[in-house]
Amino acid sequence: MRQPVFINSCPLNNPFPSRLRGFAGCLLCSLLLIAATFCPGWADTWESIRAAAGNVDAISADFVQEKHLPILARPLVSKGRLFYRRPDSLRWEYTSPVKSVLLMHDGDARRFVQSDQGLVEDASVRLQAMQFVMPEISGWLGGRFQDNPLFDASLHGTNKILLVPKDAGMARFIQRIELFMSDRPGVIEKVMIFESEDAFTRMVFSNTVAKA
Amino acid sequence: MRTTSLNQPGITLRPRPSTVTLYYVINLLNIIHNGFYATLGFIVLLLSACTHMPQIQPADADRQSRIEACCQSHFLQGRWQLVHTINARLHGGRQATLTGVIVLSTADASIHCVLMTLEGFVLFEAVDHGRVSVRRAFGPFGNDNFAKGVMDDIRFLFFEPEDGIVAAGKFEDNTDGCRYQAPQNRTVDLVELADGGWRMRQYDQFGYPLRTMTADAANHSGVSPRLILEAGGRNAYRLSMTLVEAIQLQ
């Protein structure tokens, strides 16, 4: 029986191979960490970051995500909102261009995507990536960058943290992550995730609220 | 019923009965001589024979040219960037949602495709300039067959079959449309639906349906805001593609 080749080799049965571990989680963690920890003037040392981060219990923020690729005539823009509460509850929601909600709580992760039938669970998303990184969120919120098994962290000036993959395999897919804080204490400015120099994701945050 | 194309007088548009008969005989002999695998082939043959590629009644010359023009209007011309949210429904009811970016050019029949997670992480990137080249792929997305399958899907959805229209007229279900000859001895039927949408079906050389596309009526840019691609077989899948943006490039 002849079939489209795609039928016999469809990798969507396992669309999130282990290589992906950490990416989405690191993305989320980066955002949360910044939202939780950065204020101008105190991000000079890991100790000061840890001290400030210890005061944050919950975070919410709007975000605009731009995906830049050489193939794109203009970047893809997504918008959404995130909510986080210690120790491990996260709602990561896209409102456009397609509505989707990622829920993580107590080590379990589920994603729902808007479809003709309303919000439908995206069963393919086993979310190992999220579950793998979830335990790290507390560490990041605690300002413990240097404990991260995936990335080497370094401070640059007073408003930037650079994360570089420790593993060469990971580096093939994520070259580096740059975290920036805004001038307003406790408010993030942006996160840059570089897959290569001309392929990167920029996330800009607004309306950030951190509760102690 | 007359089934001869006005373009190719004397050529039947039915699904090659002589070929099917020959295949039947060969498989019958194989059953006798080669046991299990031949039996399996025979079963496949019977299943294929049960499917039905509809006949088309060619229209008169004036109407035929109008139908052909209408069919050709379904396909994009020039260079386009298309971004879709793709909901893939797989065998067993599992679903996955991805973002797909396609840059295609009808001038040189090239395709550049990127698949990424909703969070923007690139899972797969490949180009097809007559030969498929994978630039970036995670694990099973790196399978060459997957890349070829993706390109076949894209080519089916967005490119007018290069071998052209062999008949334009009325199908058995009373819809007007066109029959194309496609590479690999395939046949593609395209019909415009009553609501302005389109349905396109691809058959193999034995008249067995491979892919079916259903498209909503085109938007102001001439691009359908929603496509559904269905592929049958043991590991059938269904892709529901919602247009995020379409940009005509220079």
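I checked A:N207 and it is exposed, with 10 other C-beta atoms within 10 Å. My cut-offs, with C-beta atoms placed from the backbone: buried is 20 or more other C-beta atoms within 10 Å of a residue's own, exposed is 12 or fewer, partly exposed is in between. A:N207 sits in strand β11 (residues 199-211) of chain A, and its phi is near 50 degrees, positive although the residue is not glycine. Helices (H or I, at least four residues) and strands (E, at least two) are DSSP runs, numbered from the N terminus.

I found another positive phi at B:N185, near 60 degrees. B:N185 belongs to the loop between β8 (176-182) and β9 (186-192) of chain B and counts as partly exposed, with 13 C-beta neighbours inside 10 Å.

**Provenance**

I note that this is a predicted model: local features need pLDDT of at least 70, side-chain atom pairs count only at pLDDT 80 or more, and totals for chains, interfaces and linings use all residues. Residues are numbered from 1 along each chain as its sequence is written, while chains are lettered from A and ligands numbered from 1 in the order in which they are written.

**Hairpins in chain A**

I traced β2 (residues 76-85) of chain A running antiparallel to β3 (residues 89-96) of chain A, joined by 7 bridges; pairing takes at least two DSSP bridges. They form a hairpin with 3 residues between them, and A:R85 stands opposite A:S89. β3(A) also pairs antiparallel with β4 (residues 100-105) of chain A over 6 bridges. In the loop between β3 and β4 of chain A I came across A:P97, joined to A:S96 by a cis peptide bond, omega about 0 degrees.
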